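Dear colleague,

Please find the structure below, together with its sequence. I would be grateful if you would read the notes after it with the model open beside you.

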Amino acid sequence: MSLAKYIDTLSTEIASIEESGTAKGHERVVTAFIPPAEKKGPRFLLEGFGDKQFIRMNSNSYLGLSVHPKLIKAEEEAAKKYGVGPGAVRFISGTYKPHAELERKLAAFHHREDCLLTSSAYTSVLGVIVTLCTPETIIISDELNHNCIINAMKLARPKDRKVYRHVNMADFEHKIVESIGQCETILVVTDGVFSMRGVFAPLLTICELAEKYNDMFLRGIVVIVDDSHGVGALGKTGRGTEEITQAKGVDIIVATLGKAFGVNGGYVCSSKEVIRYLRERNQFYIFTNPITQGEAAAGVAAIDILDSSEGRDLLMHLHSMTVFFRNGLIALGYETLASPHPVVPLLVRETEKTAKLVAYLFDHGVLATGLNYPIVPKGDQLIRFQVNASHTLHDLETVLGVLATFKRQHWSK
Ligand SMILES: Cc1ncc(COP(=O)(O)O)c(C=O)c1O
């Protein structure tokens with residue numbers, strides 16, 4: 001059968017995405033990683049750009065662990081011992097020692113009773129929300145929550161879905177109050193760190209309000225936090241948004257192994273009953289392979305590093321580099337947002353201007369991400385810079401230098 005007619009409609013769609021200026025375009029291919037040398041942090045080579053070296057200001061590997069020798073060694077050794085793929089889903093015969101060990105370590109790391117590994121944080125969120133939701137549940141969510149939460153809410157079949165204004169606690173409380181008498185349970189769900197802007201959720205207040213109204217619902221209020229960008233990036237010990245807000249009462253914590261931990265995969269930490277139930281019922285866990293044995297072993301190594309003096313030093317360096325870069329943007333007269341998080345937004349507020357600055361940075365050897373509508377609301381278009389612990393002062397001065405020249409040449413007129 002010919003696909004011609006179908007391809008016609010797709011081509012029209014693609015053309016309109018390109019016209020709107022929001023196309024992601026061709027994916028750039030990293031061909032080499034150049035290790036840090038002297039004042040310089042790591043550099044990257046890209047396919048089609050020869051020897052031109054790039055500073056990566058758009059990596060989620062906040063602690064630089066993805067290239068850490070201990071993680072690489074752990075992955076290699078596990079692959080030699082157990083093979084490179086699990087060969088089955090967890091409950092059949094796909095559970096290896098590194099999976100079990102990583103679950104134990106993550107539960108202890110988050111001070112929870114148990115942990116469930118999944119293939120990504122995205123599927124963790126889908127699994128938790130879809131599995132725990134009943135027809136007598138109302139889901140309450142922040143309007144800027146990550147796409148995985150938005151899609152989880154669409155897939156779940158709750159009695160109602162309520163979205164409160166971004167981090168607006170009066171609106172959040174109002175959504176709880178208007179749900180009284182309407183359902184048995186509320187699932188409150190929020191990002192820990194909102195990844196577009198590096199701002200974190202007021203978890204302390206969210207937990208206090210959940211506690212205040214808990215008894216008004218037959219099966220209570222359950223607080224779920226996806227702290228994929230917070231864990232390993234915020235707090236003196238890297239425990240993320242919970243640590244920095246001192247929140248008590250997050251019932252279920254979801255996060256990724258693919259950002260600060262430098263590996264790949266996702267997980268859920270909670271009470272042993274919640275995790276047991278998810279192992280029995282979560283379709284996004286039961287019917288799909290886990291991360292590899294090597295990835296799990298590398299995850300174990302990452303936690304060991306984070307909980308050592310090396311980890312504390314990495315967190316301190318990350319924090320001081322973040323402060324330096326954010327202050328640098330402000331000194332140059334760019335608009336940014338206050339937060340201790342290594343996602344440092346440069347608010348441009350126009351799609352075309354954002355694209356122009358991202359292209360200029362690229363031409364000058366800096367990889368940064370332009371975020372346009374519909375990923376962010378219209379008027380909030382921005383460039384997202386991500387500082388990480390392998391950046392040096394020299395790296396960040398170089399990037400700020402490029403931004404200074406751009407501003408002088410293009411925005412001062
Ligand atoms: C809040 C949040 N959840 C989930 C994810 C996805 O993580 P993973 O790559 O592990 O699916 C991201 C990544 O951008 C995120 O920001």
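The following notes go from the domains to single residues.

This is a predicted model, in which local features need pLDDT of at least 70 and side-chain atom pairs count only at pLDDT 80 or more, whereas totals for chains, interfaces and linings use all residues. Residues are numbered from 1 along each chain as its sequence is written.

Domains and core

The chain is divided into domain 1 (29-58 + 309-411) and domain 2 (69-306); such bounds come from an automatic or database domain assignment. Taken over C-alpha atoms, the centres of the two domains are separated by 28 Å. In contact across the boundary are 14 residues of domain 1 and 14 residues of domain 2; contact means that the C-beta atoms of two residues, placed from the backbone, lie within 7 Å. On the domain 1 side, α13 (309-331) and β13 (343-347) are the elements that give two or more residues. Helices (H or I, at least four residues) and strands (E, at least two) are DSSP runs, numbered from the N terminus. By class, that side of domain 1 has 9 nonpolar, 3 polar and 2 charged residues. Here Ala, Val, Leu, Ile, Met, Phe, Trp, Tyr, Cys and Pro count as nonpolar, Asp, Glu, Lys and Arg as charged, and the others, Gly among them, as polar.

The largest nonpolar core has 114 residues, and Val125, Ile129 and Val268 are among those with the most contacts inside it. Such a core is a set of buried Ala, Val, Leu, Ile, Met, Phe, Trp, Tyr and Cys residues joined through C-beta atoms within 7 Å. A residue is buried if 20 or more other C-beta atoms, placed from the backbone, lie within 10 Å of its own, exposed if 12 or fewer, and partly exposed in between. Because domain 1 and domain 2 both give residues to this core, it lies between them.

Helix α6

Which residues of helix α6 (residues 147-155) are buried? They are Cys148, Ile149, Ala152 and Met153. These residues cover an arc of only 135° around the axis, so they are on the same side of α6; the arc is that of the directions from the helix axis to the C-beta atoms. The face turned away from the buried side carries the exposed residues Asn147, Lys154 and Leu155. Among the elements that the buried residues of α6 pack against are α5 (121-132) and β5 (137-142).

Two buried residues

Lys175 has its place in helix α7 (residues 169-177). Lys175 counts as buried because 21 other C-beta atoms lie within 10 Å. Not counting residues up to four places away in sequence, Lys175 touches Ile140, Lys162 and Tyr164.

Val193 belongs to strand β8 (residues 193-194) and is buried, with 28 other C-beta atoms within 10 Å. The C-alpha atom of Val193 is separated by 6.9 Å from that of Thr241, 48 residues apart along the chain.

Backbone points

Most residues other than glycine have a negative phi, and most peptide bonds are trans. A cis peptide bond joins Tyr373 and Pro374, with omega about 10°. Pro374 is placed in the loop between β15 (369-371) and β16 (382-386). His111 has a positive phi, near 55°, and lies in the loop between α4 (97-109) and β4 (114-118). Gln246 also has a positive phi, near 60°, and its loop runs between α9 (241-245) and β11 (252-256).

Yours sincerely
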